[in-house]
Amino acid sequence: MTFDWPTALPLIFAGLMGLAILIYVILDGFDLGIGILFAAAEDTEQDTMIAAIGPFWDANETWLVLAVGLLLVAFPLAHGVILTALYIPVFVLLVGLILRGVAFDFRAKVPVGKKHRWNRIFFLGSLIASLAQGYMLGVYVLGLDVGPGGMAFGVLVAFCLAAAYAAMGSAWVIYKTQGALQKKAVLWLRTALVLTALGMAAVSLATPFASPRIFAKWFVWPEMLYLSPLPIVSALLFAWLWRQTFHLPRPDDRHSLTPFLTLAAIFALGFAGLAWSFYPYVVPDRLTIWQAASAPESLAIILAGTVVVLPVIIFYSFYAYRVFGGKATDLTYD
């Protein structure tokens, strides 16, 4: 029995691209969320929050570069269609990422009296990037619909994704800090969880109605039975995490990482639902994975490079999180 490379290679790259997107949403989601939470934090708290993400945020954004790179080289037709439909929000996303990157460094270099300005820019850049990503997700869910309905849904998802990132940021602050800031982060998490749950519910309800094909994948027997754990487990995790917020922080800082891991599991379940909804399409109802893929020979060469690069990214990510584990210390600059 021979291995069918022309069929398997596009599936492999679709899986790799999906994995990169999911890891990016979880990891860069918490540092974007911390930037959003700057609006509710005091000056000294902002320094501690920056210290909580400082060693990680550059590495986190590597996963976005990897995902976009895989889309470009492995699915060039899809890259052209998606980027054409989302040109403006992609531009806005890049502006947000540039603003927060500049502010991250400049806030440490300017005189104390001008630090507030760069803190506001860091918040603004984080919020803009989060809203742009949410808007693109909403438009993509509706099949790249850029009409009034698609734009309105994109705006809804934009604010809900920003809330989800704020929840991730709150959970990370709970893990990396202690004292008054940790207690405040619990309150932030409680508020953000409500909007996150509403956002995921909206996307989950809208996706099956975006096309008859997706509706048929979710609301036929026995697929309904097989897929039912995704929304049920997600709802149970939301309810359990909401209840835990009334018992945090615990003595001796036990289970401080639990909220972050729980949210990561919720994000993974939501991503699995979206992946099932759109498979085998990479551009909803337009291009399948195989129609949009590069030639098998090109994919084989790209896969050889990915086999080398991906383990390196995974290794230095794990290494960074291990070396800089524990609570965030006082922020100092050399």
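What follows is a conversation about the terms and the values behind them.

Modeller: This is a predicted model, in which local features need pLDDT of at least 70 and side-chain atom pairs count only at pLDDT 80 or more, while totals for chains, interfaces and linings use all residues. Residues are numbered from 1 along each chain as its sequence is written, and side-chain values use heavy atoms, with hydrogens and water left out.

Biologist: Why are α1 and α7 called roughly perpendicular?

Modeller: Helices here are DSSP runs of H or I with at least four residues, numbered from the N terminus. Helix α1 (residues 5–37) and helix α7 (residues 148–176) pack at about 90°, their axes lying 6 Å apart. Angles of 65 to 115 degrees count as roughly perpendicular, and the pair is therefore described in that way.

Biologist: What makes up the contact of α1 with α7, by class?

Modeller: Contact means heavy atoms within 4.5 Å, and by that rule residues of α1 including Y24, F30 and L37 meet residues of α7, among them Y165, M168 and W172. By class, this contact has 14 nonpolar, 4 polar and no charged residues, where Gly is counted among the polar ones.

Biologist: How do you know that D31 and R100 meet in a salt bridge?

Modeller: The definition asks for a side-chain nitrogen of Lys or Arg within 4 Å of a carboxyl oxygen of Asp or Glu, and the N to O distance for D31 and R100 is 3.3 Å. D31 lies in helix α1 and R100 in helix α5, so the pair ties together parts that are 69 residues apart in sequence. By this rule the count comes to 6 salt bridges.

Biologist: What makes the nonpolar surface patch of about 850 Å²?

Modeller: The patch is made by F209, F215, F219, W221, M224, L225 and Y226. Residues of a patch have over 30% relative accessible area and no salt bridge, with nonpolar side chains joined within 5 Å (like charges within 9 Å), and the areas come from the Shrake-Rupley method with a 1.4 Å probe. Helix α10 (residues 223–227) gives the most, with 3 residues, and L225 lies in this helix.

Biologist: Which backbone features stand out against the general rule that most peptide bonds are trans and most residues other than glycine have a negative phi?

Modeller: A cis peptide bond joins W221 and P222, with omega about 10°, and P222 is in the loop between α9 (212–218) and α10. Another cis peptide bond joins L248 and P249, with omega about -10°. P249 is found in the loop between α11 (229–244) and α12 (258–278). D252, although not a glycine, has a positive phi of about 60°, and its place is in the loop between α11 and α12.

Conventions:
Axes fitted to C-alpha atoms, helices over the stretch in contact; angles between N-to-C directions. Helix = DSSP H or I, 4+ residues; strand = E, 2+ residues; numbered from the N terminus. Parallel < 35°, antiparallel > 145°, perpendicular 65-115°, else oblique.
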